[in-house]
Amino acid sequence: MTHVSVTVNGAMREADVEPRTLLVYFLRETLGLTGTNAGCDTSSCGSCTVLLDGESVKSCTMLAAQADGRELTTIEGMAEGDQLHPLQESFRRNHGLQCGYCTPGMIMAAASYLKENPSPSEGDVRLALEGNLCRCTGYQNIVKSILDAAGSMAGAEA
Amino acid sequence: MATTETFIGQPVLRKEDPELLTGHASYIDNWTMPGMLWMALARPPYVHATIDGIDTTEAASMPGVVGVYTATDFDLAPLPFVWPITEEIKVPVHYPLASDKVRFNGDAVAVVLAETREQALDAAEAVAVTATELPAVIDIEEAAKDEVIVHDDLGTNVVVHWSHGGGGDQSVFDSAPVIVQERYVQPRLIPNAIETRGCLAYGVPPVDEWTLVTATQIPHIAKVTLAGTTGIDEHKLRVIAPDVGGGFGSKLNVYAEEALALALARRLRRPVKWIEGRRENYVATTHGRGVLHDCTLAGTEDGTILGMKFVELADMGAYYQLLTPGIPELGGWVYMGPYDPKAYWFEFKGVVTNTTPTDAYRGAGRPEATYVIERLVDSFARRIGKDPADIRRMNLHPPHEDAQTSIMGLNVDSANYEPLLDKALGLVEYDKLRAEQRDRRERGDRTQLGIGLSTYIEMCGLAPSNILGALRYAAGGWDGATIECLPSGHVIVKTGTSPHGQSHETAWAQIVADGLGVSPDEITVLHGDTHSTPLGMDTYGSRSVAVGGVALHFAVEKIKAKARTIAAHELEVAEDDLEWADGAFRVKGAPDTAKTIPELAVSAWHAHALPAEVEPHLNATAVYDPPNFTWPAGAHVCVVEVDTETGATEIVRYVAVDDCGTIINPMIVEGQVHGGVAQGVAEALYEEAMYDESGNLTTSTMTQYLIPSATEIPAMTTDHSQETPSTTNPLGVKGIGEAGTIAAPPAVVNAVIDAVSHLGVTAIEKPASPERVWRAIQEAKGDGRAGASPGSEGGTS
Ligand code: FES
Ligand code: FES
């Protein structure tokens, strides 16, 4: 067993886990944070994307032990109380989700990307989403949602 | 709260979103229970082999393992197959676990229960199978030769032959001035819902009651059929579809794992959970398409289509799943397309192979049909040197507002196709594009422009039960709706449809909101639980709004009839003196004297002063069996650039004009079109399930099977301003879930061929990969076809 202690969505969480436990299952099964989904076994789909020290990672590509001592944000940590994150708001406003399975990963990937590039073009957003698959939306409204969120986040800061 | 607003036709934001956006969805893998065991299946690495022995000792002794079971440990009936489309059909026996032979990559022979997911998976790997390998047959034409037999007891691989037969003057196929003959191959596709399958079975052992929570599109059909497979009494079985992460037909099925989880939970009296891995999904969940068509078009030199004839060979896979041979049959009613041929012929043969069973994949039979029709029409246009848009326009079926019997025998509810084509051509600026294409061709540019069209019809709203009966389908096509108006003013809607991304909670609330004069915020839609919503036939075939949505309309009418009686009684007027206006029953001539539905719900609840004949409580149930199908239609145009040196294709424009009848929520309609087109583009350019020579799936992971991402899928222009109401139902709705997937593949492939047709290329198959395109160009060059004028196409006769 390996001891893992992390800060998740602002709270300190720790547990003993099997050394081979992937971060995605540590979050989902050990900590009960099931908002982060898993959709593949080849690091292809991106549904497991979370923020590790503010940057997006696919949580199926690393062990829980590798996150020890670091800070994680999952989809459950995006809203502040009843106040949805601007990305969550814009996904809703623009019908950026259908079945919703890819959505947490899309939002986390977008949150990380918008920090890097707060005013992206449509092409930029499409490129940034290359590692995140969606089978329902054809991506059009996901891209629209992210561009819209970028706009509203810039507006809020101005 | 009562409201006078109207909601049908408005882009109401989704009621589903808050949970999904905040990480609080109920997908199957989010379920856990005390005492729960994990299930895993042993799928030996054979394609076709006789099983000599299964040794479970090592697996059984591994840490955490509670039990390892093979077929002989169960007393299960075969898995359900509900569509024996002909009297003579041969039906392969399909048990949840294989015991005599492995017949495809995903066939399971043993099942393991363990305390954790990992322990179960490790033990499943350790199940040792000794087997004698047999030659495998993967290709359908090879399989049809019967040199290798998949099911010895059937004696042949050609298990079904269904002929629609012919209509009109068949001699046109020999004697018409222009005869175009083509063969089109449509590869197998892997549906790839981003959530794999999974289920959790648990129960109340003392009373022998069992619940299956499963990632399915069809909880109601699953309940009935799983009762049969497991022997659990139907009234003691409950099936719940929680939030489901996409289906696309792959969850329109009843699978071995569902039966096994139930049987094991019952045997061990503990909850049993199974979650499919993605590699497992690629072999164990149904595939789509996998068909081959020989096609003939008979026409005149001026471009009139006289007849179309299609002979299909369809890959069934190693067994039938729920509907397998019914899928090509479903396509078998739309081979006239939106055109007006005076003669047709359609028949197909189903062939078993050593591959994953095929079944519905978004569109189910209708994309396969539309693809070959639209390719053939383009081929005809090229042959006679005419513009494919002109050929389509001159052959479109004339418009009709009332239902009309098509040449293939079913009633088309309403039609108005030409404006759709004109709209699409206008939006894409067709003439300008053709001019640019000419310029590029004249200059001999490396990057050439291609414009591809697809005009389509669909047959949706499955389905009138009597027609399903005539087609030998075991179930009906009706759906149910119950509405309960609570005294608090809230309205509960129970629907028999079972969404997995299609936004029924929102759209259904809009329908009821308009009907009852309440806000959608005051309406809760329950679905997908055979306990709380017992009357249903689930979600597939673009049926939900056209059947389940219409059932709601009739339940609303019943509520209103009852509410009107109560209102008249309370207002002391005759019922005829009331009219429904602005969300309330109002006294004619004195509109301020009124009763709203929430007010009447209170009266019906306390029941202190109801008219004698009126039962307390304002509720109603309607079960609706549609009198006809619905027939959406549309025109899509795809514009591509093809690099003639590398064969690489880029979609530069995509226009989708769809007429799905009355629209409940335009935002949702648009989203359905986007997603459908994306899947169609994927089918046209990227996706194909491939096997090696010994029959192993080589595209066995998401890294090998090319699912397009946001960089490959183009931005799309959609238009749904034409709403030709369906005459089938009072809402006028037709359905939109599959339109994109039906229309897009031929639009894209036609565009790719069009881009290089001046080089002599006349055919490129799906997926039109750079390699395929490049080869087609090289072959055309080798044949000296380059420079041939559009009117002198060689390859067909
Ligand atoms: S689960 Fe698919 S990338 Fe992590
Ligand atoms: S919304 Fe279903 S996978 Fe993206």
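These legends describe close-up views of a predicted model.

**View 1. The contact between chain B and chain A.** Chain B contributes 57 residues to the contact, and chain A contributes 44 residues. Together the two chains bury about 4100 Å². Carbon and sulfur atoms account for 55% of that area. Three residues, B:Leu21, B:Ile194 and B:Ala710, supply 18% of the area that chain B buries against chain A, more than any other three residues.

View 2. Five salt bridges are found between chain B and chain A. One salt bridge pairs B:Asp29 with A:Arg28, with the closest N and O atoms 3.6 Å apart.

**View 3. The side of chain B that touches chain A.** Helix 1 (17–22), helix 3 (117–126), helix 8 (278–284) and helix 18 (666–685) of chain B each give two or more residues to this side. Helix 18 provides the largest share, ten residues. By class, this side of chain B has 24 nonpolar, 21 polar and twelve charged residues.

**View 4. The largest nonpolar core.** This core has 210 residues. B:Met39 and B:Tyr654 have the most contacts inside it. Helix 19 (residues 739–756) of chain B gives the largest share of the core, twelve residues. Leaving aside residues up to four places away in sequence, B:Tyr654 touches residues including B:His636, B:Val677, B:Pro714, B:Met716, B:Ala743 and B:Val748.

Conventions:
Residues numbered from 1 in each chain as written. Chains lettered and ligands numbered in written order. Predicted model: local features only at pLDDT ≥ 70, side-chain atom pairs only at ≥ 80, totals over all residues. Heavy atoms only, no water. Contact = heavy atoms within 4.5 Å. Buried area = accessible area lost by both parts, 1.4 Å probe. Salt bridge = Lys/Arg side-chain N within 4 Å of Asp/Glu carboxyl O. Helix = DSSP H or I, 4+ residues; strand = E, 2+ residues; numbered from the N terminus. Nonpolar A, V, L, I, M, F, W, Y, C, P; charged D, E, K, R; others polar. Core = buried A, V, L, I, M, F, W, Y, C linked by side-chain atoms within 4.5 Å. Buried < 20%, exposed > 50% of the residue type's maximum accessible area, 1.4 Å probe, protein only.
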